[in-house]
Amino acid sequence: MTVDEIEKPAGAWCVNCAKGAGCGIYETRPQSCRTFSCAWLRHPQLPHNLRPDLTRVVLAFDNNATRLVASCDPAHPMAWRKEPIYGHLKRWAESSWASGGQVVVMAGPRLWAITPDEPIELGEMDPGARFAIVRRLDGGWEAKVQPAA
Ligand code: SF4
């Protein structure tokens, strides 16, 4: 995750993180860290086996809850392709696509758009970039990147 207050980029360890112990500045951590809760914490109905330390994937909805972002541990960039997380991502993509929802995977600087069928690799992109996922006439899927607002 990006943490603007401490200029922490996405996809990199925070300099304040004491691995295996927790936040080294917990009492004075930035506001972004105080308010963030991943989707697994926010939605108790999600199964235990989607807990981020088990899957190596943190799930979080963007600000207006239209995009589910699955952020992978940089040390396990393809963790999202494993079960049970990948099956859930595809089902979420399927159930949210018709209403304009999106499911995106972020592994370091690389992004994938998840469709009900195959994932679409978007390359290195800002995870907040705007794009539409459309179904082609041949039944395949395509991601169309849109200019920034
Ligand atoms: S909670 Fe602490 S370790 Fe985690 S990102 Fe924030 S400052 Fe860094």
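Tutor: What follows is a short talk through this predicted model.

Student: Let's start with the ligand. Which residues surround the ligand?

Tutor: Four cysteines are in the shell, Cys 14, Cys 17, Cys 23 and Cys 33.

Student: Next topic, the domains. Into which domains is the protein chain divided?

Tutor: Domain 1 covers 1–36, and domain 2 covers 43–145. Their centres, taken over C-alpha atoms, are separated by 23 Å.

Student: How many residues of each are in contact?

Tutor: Five residues of domain 1 touch six residues of domain 2.

Student: And what area do domain 1 and domain 2 bury between them?

Tutor: About 420 Å², with 80% of it on carbon and sulfur atoms. On the side of domain 1 that touches domain 2, four residues are nonpolar, one is polar and none is charged.

Student: OK, then how many salt bridges does the count come to for the model?

Tutor: Five. One of them joins the side chains of Arg 56 and Asp 73, at 3.5 Å from N to O.

Student: Where in the chain are Arg 56 and Asp 73?

Tutor: Arg 56 is in the loop between helix H3 (52–55) and strand S3 (57–61). Asp 73 is in the loop between strand S4 (67–72) and helix H4 (85–97). The pair is 17 residues apart and links distant parts of the chain.

Student: Now the backbone. Which residues does a cis peptide bond join?

Tutor: Glu 83 and Pro 84, with omega about 10°. Pro 84 lies in the loop between S4 and H4.

Student: What about Glu 7, is its phi positive or negative?

Tutor: Positive, near 55°, and Glu 7 is not a glycine. Glu 7 sits in the segment before strand S1 (17–18).

Student: Why point out these two features?

Tutor: Because most residues other than glycine have a negative phi, and most peptide bonds are trans.

Technical notes: Residues are numbered from 1 along each chain as its sequence is written. This is a predicted model: local features need pLDDT of at least 70, side-chain atom pairs count only at pLDDT 80 or more; totals for chains, interfaces and linings use all residues. Side-chain values use heavy atoms; hydrogens and water are left out. A residue is near a molecule or strand if one of its heavy atoms lies within 4 Å of it. Domain bounds come from an automatic or database domain assignment. Contact means heavy atoms within 4.5 Å. Buried area is the accessible area (1.4 Å probe) that two parts lose on being put together, summed over both. Ala, Val, Leu, Ile, Met, Phe, Trp, Tyr, Cys and Pro count as nonpolar, Asp, Glu, Lys and Arg as charged, and the others, Gly among them, as polar. A salt bridge is a side-chain nitrogen of Lys or Arg within 4 Å of a carboxyl oxygen of Asp or Glu. Helices (H or I, at least four residues) and strands (E, at least two) are DSSP runs, numbered from the N terminus.
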